[in-house]
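Please read the following report alongside the sequence and the model.

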Amino acid sequence: SAPPSDPKAAAPATKAPIPKIDIHGGAWLFYWQPFGISTDPVGKLRGAANIPDEGAFFRFHLAHLNFDGSIGNFGLFFNANVRDTRMREYYEGPAWIEEGYVYYKNPHATVKIGKSYSRLGLFWENSFYGNVHFYDGLKLDPNYGISVEGSVGKEKGFRLGYYGQYFIVDGRTNGSYLRRDTISIPGARKRHMVVGRSEPSYFWSKDNSFTLGLSGQYFQADIPAPVGKKNVFRMAIDFFANVGPISVWGDVSRQV
């Protein structure tokens, strides 16, 4: 008879990674109802701002769909947006990809290849302050290239976040108004963008922390003649403090 098999010699069964897919979306509705029109002729002659005589309207400001699918440490993410009209005059149409990239993720680092946000200065914090820089193309500014980002440290105590990014060319879909950024100039592009950011922070608890941000950016503004190509440097320093339900932040940036 055959000898009994040794259970220790049997190779352990390996399980294939289980695909994970997350799909969600939403929409912003915008309602405009004017309550009066300025009829002050002196004010109009002086260039005073008047409520536009546009009448009431109700529309989709933006509808979006997020997809995040992964197998093990590798995945694909994209955010597709659509609205009734073009977001800005220089957009190609009313639909666009806000971010779209393949990624590799582990506990200390994430590598993204594709279209992702530049991380110069304090990131979006859902306030009017963020909107100011958004209209200049400094926040929520997606570009094409590679981004390496992550953090090291413990849940409590000192933690260091970092970002290293290289973008071959701009994404042509940020929120800047006309002539506030290179991408709204016909035929112009931002090229060879390099972004570095460091975020040393200290966490007393989940709800009590202080973060200091130091970041810099270089890119080539490729503008048609007679301007030509220009080297642009940007620097930013910021902080974010969180004490229970209270948050305080500040951000200073400079371009040369």
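## Confidence in the model

In the protein, confidence is lowest in helix 1 (residues 41-45), with a mean of 45, and highest in strand 5 (residues 110-117), at 98; the score is pLDDT, the predictor's confidence in each residue, from 0 to 100. Over residues 41-51 the pLDDT is below 50, and this stretch has eight contacts in the model beyond near neighbours in sequence, a contact meaning heavy atoms within 4.5 Å. Where pLDDT is low, the predicted coordinates should not be read in detail. The protein averages a pLDDT of 87, and 87% of the residues score at least 70.

This is a predicted model, in which local features need pLDDT of at least 70 and side-chain atom pairs count only at pLDDT 80 or more, while totals for chains, interfaces and linings use all residues. Residues are numbered from 1 along each chain as its sequence is written, and side-chain values use heavy atoms, with hydrogens and water left out.

## Overall fold

The secondary structure of the protein comes to two helices and eleven strands, and from the N terminus on the elements run β-α-β-β-β-β-α-β-β-β-β-β-β. Helices (H or I, at least four residues) and strands (E, at least two) are DSSP runs, numbered from the N terminus.

Of the 256 residues of the protein, 36% count as buried; buried means under 20% relative accessible area, exposed over 50%, and partly exposed in between (1.4 Å probe, protein chains only). Among contacts between residues at least 6 apart in sequence, 55% join residues at least 24 apart.

## Salt bridges

Side chains of opposite charge can pair when their charged atoms come close. A salt bridge is a side-chain nitrogen of Lys or Arg within 4 Å of a carboxyl oxygen of Asp or Glu, and by this rule the count comes to nine salt bridges. One of them joins Arg180 and Asp136, whose closest N and O atoms are 3.5 Å apart. Arg180 lies in the loop between strand 7 (157-170) and strand 8 (189-205), and Asp136 in the loop between helix 2 (128-134) and strand 6 (142-153), so the pair ties together parts that are 44 residues apart in sequence. Arg180 is partly exposed, with a relative accessible area of 44%, and Asp136 is also partly exposed, at 26%.

Another salt bridge is formed by Asp141 and Lys190, with the closest N and O atoms 3.4 Å apart. This pair links distant parts of the chain, Asp141 being in the loop between helix 2 and strand 6 and Lys190 in strand 8, 49 residues apart, and both Asp141 and Lys190 are buried. Asp170 forms a salt bridge with Arg189, where the closest N and O atoms are 3.1 Å apart; here Asp170 in strand 7 and Arg189 in strand 8 are 19 residues apart. Asp170 is buried, with a relative accessible area of 1%. Salt bridges that share partners join Asp141, Asp181 and Lys190 into one network.

## Aromatic rings

The structure holds 16 aromatic pairs. The rings of Tyr117 and Phe123 have their centres 5.8 Å apart and their planes at 55°, so the pair is tilted. Rings of Phe, Tyr and Trp (its six-membered ring) pair if their centres lie within 6.5 Å, and planes under 30 degrees apart count as stacked, over 60 as edge-to-face and the rest as tilted. Tyr117 counts as buried at 15% relative accessibility, whereas Phe123 counts as partly exposed at 27%. Ring pairs also link Trp124, Phe134, Tyr135 and Tyr177 into a cluster.

The charged end of Arg119 sits over the ring of Phe123, 4.0 Å from its centre, and the charged end of Arg159 sits over the ring of Phe203, 3.9 Å from its centre. A charge sits over a ring if NZ of Lys or CZ of Arg is within 6 Å of the ring centre and within 35 degrees of the ring normal.

## Two buried serines

Ser215 is placed in strand 9 (residues 208-223) and counts as buried at 9% relative accessibility. The side chain of Ser215 reaches the backbone nitrogen of Gly121 at 2.9 Å. Leaving aside neighbours within four places in sequence, Ser215 is in contact with residues including Arg119, Gly121 and Arg234.

Ser176 lies in the loop between strand 7 and strand 8 and counts as buried at 0% relative accessibility. A polar contact of 2.8 Å joins the side chains of Ser176 and Asn174; such a contact is a pair of N or O atoms within 3.5 Å, where within protein one must be able to donate a hydrogen and the other to accept it, and residues adjacent in sequence count only if both atoms are side-chain atoms. Not counting residues up to four places away in sequence, Ser176 touches several residues, among them Phe134, Tyr135, Asp136 and Asp181.
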